[in-house]
Amino acid sequence: MPDEGGAADLVPGVLTEYLTEDSGIFVKSKREFERFQSPYQAVEVHDTQSFGKLFRLDGHFMTSERDEFFYHENLVHVAAMAHPAPVSALIVGGGDGGSAEELLKYPTMKAVTLVEIDLAVVDIARKYFGEIHRGAFNDPRLKLNVEDGLAFVAATTETYDLIVLDLTDPGGPSESLYDANFYRACAARLNPTGAMTLHVGSPVAHPGRIRAVMANLRATFAVVVPYLTSIPLYGGLWMMACASSTLNPSYLSSLEADRRVATRRIRDLRYYNGDMHRSSFSLPNFVRDLVAAA
């Protein structure tokens, strides 16, 4: 998910994700399943040795069968486990169904609304990425709205315990969803104990983006907590954030997080546990300096 736009692959068949103008990550394609232009973006699906089926939009890596859990589990469970009992959730983006699948693991969850602007993303997920959504699109608690996320949030009167911004990087259809005005609109749709989570970027490759997003979040929310994970498909170290008027996930101890996983009967976690919850808030000094400057 680079800052620099969808530069061309190094050579045909070598899928290239530029993190900056002169560095990035590559993955060899064994087979191309799909390549077409939707009304919003260029869509590709490839088979790869390292990641299994891999999904690209506008030349940027979105998700893959083998490493999606690094992203989706951290995007969802850091806030959801800290919440006392999440009942309702809104996902903006997330048409691959991975975030929905994680939210629907909660026995208290009664309704998840997924707002995805591009129906092609959902169709591709249904066709190729069952290992990511695991049937979430067929869960009666999930409501799919194919429309612009900004317009939906502005128009709805519903409120939510959790809002998950599962977006492509800034640019194209997602550009307006990184603006302070959108964050304020989301804040108005949160219940008093609710929280919003989002991915921010690479502290190494995207310091400018991180400073801008953190500043916009802090202008809107009383509690803004950055946290880190490693996402192989995105090139390594990656920052996410939880924003709320009251909920601070860093207050949850590792023992309490593990207790909640057990009592809430959350299954099939490949990354998240109490120790990982606590450790995600441990920031290296250069990252502390980066978010302090925001």
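The paragraphs that follow take up salt bridges, then a surface patch, then the cysteines.

The model is predicted, so local features need pLDDT of at least 70 and side-chain atom pairs count only at pLDDT 80 or more, while totals for chains, interfaces and linings use all residues. Residues are numbered from 1 along each chain as its sequence is written, and side-chain values use heavy atoms, with hydrogens and water left out.

Side chains of opposite charge can pair when their charged atoms come close. A salt bridge is taken here as a side-chain nitrogen of Lys or Arg within 4 Å of a carboxyl oxygen of Asp or Glu. The count by this rule is 14 salt bridges. One of them joins E34 to K127, with the closest N and O atoms 3.1 Å apart. This pair links distant parts of the chain, since E34 lies in strand β2 and K127 in helix α3 (residues 119–128), 93 residues apart. Helices (H or I, at least four residues) and strands (E, at least two) are DSSP runs, numbered from the N terminus. The partners differ in burial, for which buried means under 20% relative accessible area, exposed over 50%, and partly exposed in between (1.4 Å probe, protein chains only). E34 counts as buried at 16%, whereas K127 is exposed at 57%.

E32 and R35 also form a salt bridge, at 2.8 Å from N to O. E32 is partly exposed, with 39% relative accessibility. Both residues belong to a network of salt bridges that links D9, E32, R35, E44 and R56. Another salt bridge brings together the side chains of R141 and D139, with an N to O distance of 2.9 Å; R141 is partly exposed at 25%.

Strand β2 (residues 23–37) also holds F26. Together with L10 and V11, F26 forms a nonpolar patch on the surface, with about 300 Å² of accessible area in total. Patches consist of residues with over 30% relative accessible area and no salt bridge, where like charges are joined within 9 Å and nonpolar side chains (Val, Leu, Ile, Met, Phe, Trp, Tyr) within 5 Å.

How many disulfides does the structure hold? The number is zero, where a disulfide is a pair of cysteine sulfur atoms within 2.5 Å. The cysteine sulfur closest to that of C186 is in C242, 13 Å away, which is too far for a bond. Both cysteines are buried: C186 has a relative accessible area of 0%, and C242 is likewise at 0%.

Conventions. Areas by Shrake-Rupley, 256 points an atom, 1.4 Å probe, with all protein chains shown as cover.
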